[in-house]
Amino acid sequence: MEKPKIPDKEKQRLAALKTYDILDSLPEKDYDDLTLIAAEICDAPIALITLIDENRQFFKSRIGVDIEDTPREYSFCSHAINLPDQLMQVEDTSMDQRFVDNPYVIGEPKITFYAGVPLVNPEGYAFGTLCVLDSKAKRLNERQERALKSLANQVMHLLELRKKNKELELSRKKVDAYARETEEFVYAASHDLKEPLRMIRSFLKLLKKKHSQHLNEEGLKYLSYASDGVKRMQMMIADMLEYYRLNMDELTAEKVDISKLVDEVSAFYKREHQDAEIKHSGLPAINASGKDLRMVFENLIGNAIKYRKAENHPVITVRAEANPGEDWVFSIADNGVGIPEDHLERIFGLFQRAHSGKQYPGTGIGLAICKKIIEKAGGKIWVESKLDAGSTFFFTWPENV
Ligand code: ADP
């Protein structure tokens with residue numbers, strides 16, 4: 001028996017094989033289908049997809065044999081990979097010095113015929129083969145050889161696809177971990193900013209209370225700008241903490257009576273905006289996190305009042321519709337200033353605003369919070385609007401959260 005030669009650049013070949021993460025993997029139908037076709041086409045009782053590891057040959061797919069691997073020194077395919085661009089064919093092992101006393105020739109499965117096409121990766125490393133074996137001496141015809149080569153190409157495509165998928169999964173995990181880390185950092189930083197801001201605000205108040213007599217009109221104006229800035233920053237931090245908290249909270253669900261919830265939210269806003277008319281009809285009780293859904297309605301009804309037209313009192317209508325077995329569709333319509341068309345999608349992004357802060361103070365976080373809550377539950381949110389005529393925000397909520 002002749003031991004197979006170790007290929008040149010064996011270290012690199014083994015390293016490349018490891019990148020496919022396929023050694024010792026479980027059988028897979030895609031590979032088994034190709035082995036089956038190889039066996040059928042070549043009319044052979046045994047067909048294998050082999051991968052040559054350092055000391056053994058692993059069978060990724062096998063038809064006609066029970067073992068999962070064999071020692072490398074007895075492997076036919078270890079000879080085949082030394083000529084990566086050729087199909088190796090042994091018509092009769094009893095006539096071939098290399099294999100005549102091979103244990104798998106003398107003993108089971110009594111290999112007499114072998115044909116294997118090397119599996120070669122794009123860098124030119126041969127990992128193993130797609131091969132067919134028989135206990136009878138024979139020769140593949142040209143068509144069988146061509147088909148076996150094409151099938152080997154398909155095995156290589158499967159291997160490359162597997163590698164790409166693994167790489168993708170790894171990148172996705174890295175991106176997820178990075179996003180989580182960033183969110184945790186923003187959350188922690190925002191949280192830590194609260195205290196110094198509270199301090200600045202208190203000292204600005206003290207300064208105004210105790211020393212305003214020493215300041216001229218310009219000085220007082222600057223003081224007021226500084227207080228406004230701090231207030232705005234506090235608002236943004238509170239909203240940002242709310243936004244990032246949503247990522248960390250688990251999804252919970254209870255029966256929430258939306259009609260009652262909208263009444264409570266309306267009562268809250270009407271204390272400050274007595275002229276606001278908030279109507280609703282046909283609102284159901286649904287499965288949701290009551291706290292999160294309250295935040296959605298607070299933001300949407302709050303905005304409907306905030307972005308009102310100066311000349312008329314706000315009229316807001318909250319509705320819900322559902323077809324049996326489908327998601328609920330909620331709508332919150334107002335008669336406010338409306339939204340420019342080029343902002344209709346953008347406003348759901350973090351810090352995105354369509355109106356000036358001077359006229360309408362805000363942080364640009366409220367709708368991003370709504371979107372996050374709704375999407376987390378499996379719904380979606382969108383808006384239809386006409387400048388000067390009003391806006392209608394829609395969102396869907398799955399029946400079973
Ligand atoms: P904020 O109101 O704090 O700016 P939001 O995220 O709640 O932040 O809203 C984003 C932007 O969408 C607002 O700045 C505003 O331009 C626009 N918007 C939201 N709701 C309405 C509405 N009902 N009518 C008109 N514009 C709206």
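A hairpin links strand β1 to strand β2 through three residues. Strands here are DSSP runs of E with at least two residues, helices are runs of H or I with at least four, and both are numbered from the N terminus. This is a predicted model, in which local features need pLDDT of at least 70, side-chain atom pairs count only at pLDDT 80 or more, and totals for chains, interfaces and linings use all residues. Residues are numbered from 1 along each chain as its sequence is written, and side-chain values use heavy atoms, with hydrogens and water left out.

β1 covers residues 46–52, runs antiparallel to β2 and is joined to it by six bridges. Two strands count as paired if DSSP finds at least two bridges between them.

How enclosed is strand β2? Six of its eight residues (56–63) are buried, so β2 is largely enclosed by the rest of the structure. Buried means under 20% relative accessible area, exposed means over 50%, and partly exposed lies in between (1.4 Å probe, protein chains only).

Step back to the whole sheet. It is open, with six antiparallel-paired strands in the order β3-β2-β1-β6-β5-β4. β3 and β4 (88–90) are the edge strands, each pairing on one side only. From one strand to the next, the twist averages 25°.

Helix α2 (residues 29–42) lies across β1, β2 and β6 (126–134), at about 75° to β2. Helix α5 (residues 142–211) lies across β1, β4, β5 (113–120) and β6, at about 40° to β5. Axes are lines fitted to C-alpha atoms, for helices over the stretch in contact (heavy atoms within 4.5 Å). Angles run from 0 to 180 degrees between N-to-C directions.

Next, the nonpolar cores. Such a core is a set of buried Ala, Val, Leu, Ile, Met, Phe, Trp, Tyr and Cys residues joined through side-chain atoms within 4.5 Å. The largest has 47 residues, and F297, F330 and W397 are among those that touch the most other members. Helix α8 (residues 290–306) gives the most to this core, with eight residues. A second, separate core of 32 residues includes L17, A39, L87 and L158.
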